[in-house]
Amino acid sequence: MPGAAPGDTYLRGDLIVRAALEAGADAVHPGYGFLSENAEFAQAVLDAGLVWVGPSPAAIAAMGSKTAAKRLMAEAGVPALGALTDPTEADLPLLVKAAAGGGGRGMRVVRTLGELPGELAAARAEASKAFGSDEVFCERYLPAGRHVEVQLMADAHGTVWAVGDRDCSLQRRHQKVIEEAPAPGLPDGVRAALHEAAVTAARAIGYVGAGTAEFLLAGDGRFFFLEMNTRLQVEHPVTEAVTGLDLVALQLAVAEGEMLPVEAPATTGCAIEARLYAEDPAKDWQPATGTLHHIELTVPHQEFTGRGLRLDSGVEPGSEITPHYDAMLAKVIAWAPTRPAAARRLADALARSRLHGPATNRELLVRSLRHPAFLAERLHTGFLTEHAADLTTDHAAGLTTDHAAGLTTDHAAGLTTDHAAGLTTDLTAPGGQGAARAALAAALADAAARRTPLPSGWRNLPSQSQVKRYRADDGSELEIRYRLTRDGLQADGHPETTLIEAAPGHVTLGEGTIRRTYRVARYGDRVYVDTPDGATALTAVPRFPDPTAQTDPGALLAPMPGTVIRTAAAVGDTVTAGQPLLFLEAMKMEHRVTAPADGTLVELRATPGQQVELGTLLAVVQPIPA
């Protein structure tokens, strides 16, 4: 396929139909990308004489516009938040949404009416680019609401299943991060009403195939229809885990005309899915690109082990993570008989994984799964924002004793020393003593890689300390000073640490009776140090920094490769710290580039439509003299 952008590649429905015909295929399964909810593409598949594995084009079209879908659901008796045509102060806060699509595109939270015109314009521009329609609407925003959805499966003979429910409340930028089945803590009456409303929604449009009815659940138990996804969801594995179903196989069977049994299977246990993204949560979810040098998760690829862990991933060591597509690298799913056990299993698998390359949200996922509020089922769509300090601050090291105070005996049951390692400030905790030990291990591994036989004439005299410097990803610098003597390792700041073994790829350190092995990998100046309890990424700092690498403090460099969408200021404007100057699009998301300080915009080198690389000079702000 030509080009690299989504519109030039996987959104080219004509090329997909041609490929299916040339391959001699008799059906097209659209996956769960944008084309899976494109009624025109579904019709094109049917017109080509192929079987469409999904609902009818008419059903897709009926749910394709959120505003039309809300009206249709209201007529069918399904509770829905109505679109606001003329919002007032009493309606605040508001959520601006794209009518023709989802996935967080074209969505804006508005807290004052003064913000509304600008956010409407921004949402229209993003929606038009993403979905080919600039129609947007406003509805009331419930900041403490839960995102709960019901999995549907329907055949062509009138049977409609509500295949359990899911909670997808942990979101960033209105996109899901952690999902689980069943939705925890729902009263039986609320759960039954949700399932009934979802089935009613499907019957109202003559739905056939797999789909999802999504609802916003208020704290008082009331719920409101949000949208119906006429496709398989990214999070469908959690439903498969608790039901034992293969939803894709069922889609194919229904497309062939098979009948479903009268009753959907019951659910057993709990399953939780974490989306592993190439992004930095501590930097406003800034996407990350580059070479994925190594990915190693303690999960067999795409299968359950004893119904415990599953990995769905489309990347491998050596994959290039580009700005053109979604930032998701993999989905990791855990099943267990109880919710606390599933959370522990998933957190442990993520913590023990090895990821070398672009920054990821792995630490945020682990900390979320171990957070007292998550374990206590205090879930809502603002969870990641509310607990950002615990989840993204490096010195938080997961959960300290104070943060963990809310863990009850029931929630903590079964935690072994290994599993609980992330609940306290650990040796590998970034930004603290753990990062210093990781840097020490990196220095010793580097020394082992460069080790040569002792030269003739060597004398056993006191030696100068070896000095290595590293920069942690939080910007802090670590200086390691150590000597290897007859009495063993002598490292500044680590008087009790002993060296047990050092090799280029691993170092074992001791502290009292505790031994810990650090696995060390280096790619250029990037160093990754892994232990079973966590990971630390470091950048080796050259002994003599390149003076040409210094930049003007007012210079704004592109934080990622991407496309300039629009500018929001002009040369000569007086700007304030944090004011948006321009917007970049990367990995299907919009990102603001803001003024670093109060001052004057003296240069603006970015123009709409321009492709920029990481580090490209975009603008210069001359700060106001102190």
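Predicted model: local features only at pLDDT ≥ 70, side-chain atom pairs only at ≥ 80, totals over all residues.
Modeller: The secondary structure of its chain comes to 15 helices and 35 strands. Buried residues make up 50% of the 626 residues. The chain exposes about 27700 Å², and carbon and sulfur atoms supply 52% of that area.

Biologist: What share of the contacts in the chain joins residues at least 24 apart?

Modeller: Take contacts between residues at least 6 apart in sequence; 63% of them join residues at least 24 apart.

Biologist: Why is Lys97 called buried?

Modeller: Its relative accessibility is 5%. Buried means under 20%. Lys97 therefore counts as buried. Its place is in strand S3.

Biologist: What makes the pair Lys97 and Glu139 a polar contact?

Modeller: The distance between the side chains is 3.2 Å. The cut-off for a pair of N or O atoms is within 3.5 Å, with one atom able to donate a hydrogen and the other to accept it. The pair is therefore listed as a polar contact.

Biologist: Which residues does Lys97 touch, not counting those up to four places away in sequence?

Modeller: They are Lys66, Gly106, Met107, Glu135, Val136, Phe137, Glu139 and Leu226.

Biologist: How do you know that S3 and S4 pair?

Modeller: Pairing needs at least two bridges. Strand S3, residues 94–98, and S4 have three bridges, in the antiparallel sense.

Biologist: What is the strand order of the open sheet?

Modeller: The order is S4-S3-S5, three strands with antiparallel pairing.

Biologist: What makes S31 and S32 a pair?

Modeller: At least two bridges are required. Six bridges join S31 (residues 580–586) to S32 (residues 589–594), so the two count as paired. These strands run antiparallel. Leu584 has His591 in S32 as its bridge partner. S31 and S32 form a hairpin with two residues between them, and Met587 in the turn has a positive phi of about 50°.

Biologist: Why is H10 described as largely enclosed?

Modeller: Seven of its eight residues are buried, so the rest of the structure largely encloses H10. The buried ones are Arg362, Leu364, Leu365, Val366, Arg367, Ser368 and Leu369.

Biologist: Which residues have the most contacts inside the largest nonpolar core?

Modeller: Ile178, Ile272 and Phe374 do, in a core of 43 residues. Elements that each supply at least two residues of this core include strand S8 (175–181), strand S11 (270–277) and helix H10 (362–369). Helix H9 gives the most, with eight residues.

Biologist: What does Phe374 touch beyond four places away in sequence?

Modeller: Its contacts include Ile178, Ile272, Ala343, Leu369 and Phe383. Arg339 and Ser368 are also among them.

Biologist: Which residues does the second, separate core include?

Modeller: This core of 28 residues includes Ala69, Ala162, Ala202 and Ile205.

Note on methods. Residues numbered from 1 in each chain as written. Heavy atoms only, no water. Helix = DSSP H or I, 4+ residues; strand = E, 2+ residues; numbered from the N terminus. Buried < 20%, exposed > 50% of the residue type's maximum accessible area, 1.4 Å probe, protein only. Contact = heavy atoms within 4.5 Å. Areas by Shrake-Rupley, 256 points an atom, 1.4 Å probe, with all protein chains shown as cover. Core = buried A, V, L, I, M, F, W, Y, C linked by side-chain atoms within 4.5 Å.
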